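Dear colleague,

A short account of the findings follows it.

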Amino acid sequence: MNSSRPAGILILVAAGALAACGQDKAAEKVAPLEITQGTSCSLDGMLLADYPGPKAQIFYAGQTEPEFFCDTVEMFHVYLKPEQVRAVRGIFVQDMGKADWDEPRDHWIDATAAYYVHGSKRRGSMGPTLASFASEGDASKFAAQYGGKVYRFAEVTPDMVVLDGGALHDSNM
């Protein structure tokens, strides 16, 4: 009997540790923050409220405030080709099926569950952008109207989010 007692205690300790891990994960959940007139892009300092197109934000472990991006291309560029690997607690984009393209506010969605249109005629703050949508239907409708192809988060590749400021795609330059 005594030999089973330490095993039972070990099982209880392990179960408690697993439960605590689950609580820590729940406590780590983050909610997107709204853009204000003073919210600036973490890469270039541009004021997000001054530019059209979908915005993004990433919450990293150990930070209470997100890093904001004035364009989904910037967010994907940083996420897919990070200079340093950091644990991501949350990543959000705007649902352009609901947000006003010219003055996007609110309507934040989980970026990993979103649909993206790459290659459309619509421009964001940095030129060509990936329009983000909560529903595949809205993304398909947008692509039919403005061109482009619908992708899921995991299908976006680094070559789709090159930070050239749109210069390589601008026929007027």
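Phe153 is buried, with a relative accessible area of 10%; buried means under 20% relative accessible area, exposed over 50%, and partly exposed in between, with a 1.4 Å probe and protein chains only. Please note that this is a predicted model, in which local features need pLDDT of at least 70 and side-chain atom pairs count only at pLDDT 80 or more, while totals for chains, interfaces and linings use all residues. Residues are numbered from 1 along each chain as its sequence is written, and side-chain values use heavy atoms, with hydrogens and water left out.

Aromatic contacts

The structure holds 8 aromatic pairs. Rings of Phe, Tyr and Trp (its six-membered ring) pair if their centres lie within 6.5 Å; planes under 30 degrees apart count as stacked, over 60 as edge-to-face and the rest as tilted. Phe76 and Tyr116 make an edge-to-face pair, because their ring centres are 5.0 Å apart and their planes stand at 80°. Since Phe76 lies in helix α2 (residues 72-80) and Tyr116 in strand β5 (residues 115-124), this pair ties together parts that are 40 residues apart in sequence. Helices (H or I, at least four residues) and strands (E, at least two) are DSSP runs, numbered from the N terminus. Phe76 is buried at 0% relative accessibility, and Tyr116 is buried at 0%.

The rings of Phe76 and Phe153 have centres 5.2 Å apart and planes at 40°, so this pair is tilted. Phe153 lies in the segment after β7 (149-152) and Phe76 in helix α2, so the pair ties together parts that are 77 residues apart in sequence. Phe76, Tyr79, Tyr116 and Phe153 form one aromatic cluster.

Charged side chains

There are 2 salt bridges, each defined as a side-chain nitrogen of Lys or Arg within 4 Å of a carboxyl oxygen of Asp or Glu. In one, the closest N and O atoms of Arg86 and Glu67 are 3.1 Å apart. Arg86 is partly exposed at 30% relative accessibility, whereas Glu67 is buried at 18%. Arg86 also lies over the face of Tyr60, at 3.7 Å from the ring centre; a charge sits over a ring if NZ of Lys or CZ of Arg is within 6 Å of the ring centre and within 35 degrees of the ring normal.

A salt bridge also joins Asp102 and Arg122 (3.8 Å, N to O). Asp102 is exposed, at 52% relative accessible area, and Arg122 is partly exposed, at 21%.

Yours sincerely
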